[in-house]
Amino acid sequence: MSKRKARREVEQLRASAAPVSVLPFALLAFFSGLAALVYQVLWVRQLGIVVGVDIYAVTAGVSAFFAGLALGGLFFGRRADRVQHPLFAYCLLELAIALGGIVATLAFAHTASPFLALQLRIGPFAWLLVFVLIGVPAFLIGGTLPFLFRAWAPESHIAAGGGILYALNTAGGIAGALFAPFLLIPTFGIRGASYFAAAMNVCVAVAALILNRRVSPLPEQVQLPSNPALESKSRTALVLYSVAGGIALGYEVIWSQAIVPFMSTRTFAFAFVLATYLAGLMLGSATYSRIADRLKDPWTNFALLISSAGLLALALVAGLGHWLLILQTQAEALVLSATGSILAGMCARFAVAAASVVFLPTLPLGAAFPVILKLAVGPQKIGKDVGYVLAFNTFGGIAGTLITGFVLVPAIGLMRSLAVLAVCACAVAVFAVLRGLPHHTFARYAVFSLGALAALVLLLVPPDRLAQTLTVARGGGEVVFYRETAAGTVAVLQEPKNKGDFRRLYIQGVSNSGDAMPSLRYMRLQALLPLLITEQEPKSALVIGYGTGITSGALLPLPSLDKRVCVELLSGVVDASSLFHGNFSAAEDPRLQIRLGDGRRELLRSSDRYDLITLEPPPPSASGVANLYSTNFYQLAATRLQPGGMLAQWLPLGAQNIDDSRAIVRSFLDVFPQATLWTTELHEMLLVGSFQPIVLDVDRISQRFHQPPVESALREVGINSPAALISTWVTDRNGLQRFAADVAPVTDDRPSIEYTTWVRPGEVARVLPELLSLRTAPPLRGASDDFQVSLAAEQERLGDFYEAALAAYRGERELWARSIHRVLATDGQNPYYTWTLSGSR
């Protein structure tokens, strides 16, 4: 059959099909994309429990999702051109995705232990379990767009039709990326959110089946004789688009770290970055699809889009500064005044940061999609070619993520990595523009100029540019340690003199405590208090979270300990700890074992048992940290306690709203029948739980307290006697039950504390009085009359100090003056009280 005759036959067959509006196909693409992103958010969340939150492990799991998408695009793309009812095939795929999505989500909830057991037996091959759980439904998701493109995209307008469907599918992804953290998970939990996504798949399948009855069967695509020139052009376009996809995902890796100082580590913040990224792709694709089919020189257009995206990505990050803080503050205030919603104000702040850095560069990246369709998709093999385009772009994205995160960033840092990506984008553009029409000299000069500008920025922008933005975002200070890794940035800032003489640790641009007196006090008590009150002689202790090293260092003065272990996720945190005073140089002390890894996974991996497990993780609202505050975690930790052992949980009062504190307490109570609450500092409390009654033997506590290294460590933070130590007692299980009331606990399925809004102003002044009102007499044994008198005096003095602090929060100056006068009159040399009164914060 001649080429002309074959083409005419295909055109006649295609013309016999009744035309259908793009709207129903666009709606299918939208809701299919929504469900797919909900699954992705859920599985990434669950991966942190199964494989740990280590960046390498999670990235490998996420790569399994994208690999499944790519392979699905290749496999189903070839078959899409051979079916007469692509919508019916699409319907079957959506039903299969619904089933696979639910099965994967339910299986992930029970996979952590089997995965670890397989790892210990067969090593890396255990990852096959994760790849199957994620890869199979992702493989099915990857096949949806080729069938949908084949069912609607007109052969005479492939770029326009494909661009519209891609844009709507991406718009659905935006909705999924926002619905999951803002609505679905907080309302329905992980499992409930998967049921919602599956219901969406079923609705899409039913709609596709109904639509299938309205359209005529499509002929199987007639394979025309090959045209070497066209095939060569298509292959070149696919390779360039694959590289461009890798560069684009490399940008996202860097963006997610570069703008955190202007956002937070909350799940909401990351959701806004992802949604903004997808929004740029969507709008770019939708806008450019209108003209893509009329382009006379798509190569040159592709080159200009890719090179301009690279330069924009570089310039916007290099230009981060105080202007963004001002813009965020104004936007937050405007939205807050208009809506009265703290959540809306928080979202406005996140949206401004994401839009300022991410949105503009992704517009040309999205516009490149319809252009590449024009270059790489032939009218007689739409499904196959679209599958190839999506697959090559996805494989490129996987490679770009891995290379950027694990090679470029650790080797040359974030700023220079971004510059290298921008230069690579311009190199791709140069190659593309040389394939275009030779008379477009202006476009060629423009591409070469953009590449030269990117190279110039590479040379001029200092590699520590993002460290400088951290000091801007945090109100000044001097960076004395800074490291950029695949897992995030670790920095230590020397606070300005007017804020006090101390240093603060920042992980991913967010404060994780420091070595000021209040931090020194609560972190020492985090370890020493439960070790001093426990019934049996403590021999072993585990700290989850190294941070400044103060909690781990507090294990060193107690001579009875034979085994001291700390688990820390980031090596950079350990390396930075030498800059903090008060940790007894714990990182260099051979008596302390530091194990790098995920704390929860360490408890699964090791059968070691401890007399004390004490936790000082990041604030509960940080993304993924709810894994260390859930009932499921406490149940796991309880299996690693020696008989009579204790678990101590840091309870920050100012890091979350009061209902979130209630949820944490409820989770704790649901596991430990013996639970007590202690106030370790004005803004911090300590939950101590056990399966044995907690009785405070005064003689034993006094004997341990008066060991010289222990006594010295506690006196440095204002705990001058055993009575002062016991005066920090607040209440027992009964009081905690009243505080928790009927609030639902934090669980792996319902990680509520991760999805809360900003902390309300003055929250400490709201929650502290409520907790202090629960105060009861501590369960003492062997207390003399003199000890009782000393304890009453210490309790009264601490109460006066807290009363003064609360009065200061409320602006009640007279009450503050009376209360603080009583404190100073009886303990004017206490280092904790005097530091606080010095005006340091």
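**Aromatic rings up close**

Mentor: Let's start inside helix H9 (residues 228-258), where Tyr251 and Trp255 sit four residues apart, about one turn of the helix. Helices here are DSSP runs of H or I with at least four residues, strands are runs of E with at least two, and both are numbered from the N terminus. Before going further: this is a predicted model, where local features need pLDDT of at least 70 and side-chain atom pairs count only at pLDDT 80 or more, while totals for chains, interfaces and linings use all residues. Residues are numbered from 1 along each chain as its sequence is written, and side-chain values use heavy atoms, with hydrogens and water left out.

Now, the pairing rule: rings of Phe, Tyr and Trp (its six-membered ring) pair if their centres lie within 6.5 Å; planes under 30 degrees apart are stacked, over 60 edge-to-face, and the rest tilted. That rule gives 30 aromatic pairs. Tyr251 and Trp255 have ring centres 5.6 Å apart and planes at 35 degrees, so this pair is tilted. As for burial (buried is under 20% relative accessible area, exposed over 50%, partly exposed in between, with a 1.4 Å probe and protein chains only), Tyr251 is buried at 1%, and Trp255 is buried at 0%.

Next comes an edge-to-face pair, Tyr634 with Phe668, at 5.3 Å centre to centre and 80 degrees between the planes. This one links distant parts of the chain, with Tyr634 in helix H21 (residues 631-638) and Phe668 in helix H22 (residues 658-669), 34 residues apart. Tyr634 is buried, with a relative accessible area of 0%, and Phe668 counts as buried too, at 1%.

Rings can also gather in groups: Phe182, Phe268, Phe272, Phe350 and Tyr755 are linked into a cluster by ring pairs.

Then there are charges over rings, meaning NZ of Lys or CZ of Arg within 6 Å of the ring centre and within 35 degrees of the ring normal. The charged end of Arg79 sits over the ring of Phe75, 3.8 Å from its centre. Arg662 lies over the face of Phe739, at 4.8 Å from the ring centre.

Thr680 is buried, with 0% relative accessible area. Setting aside neighbours within four places in sequence, Thr680 is in contact (heavy atoms within 4.5 Å) with Arg521, Tyr522, Leu525, Met685 and Leu686.
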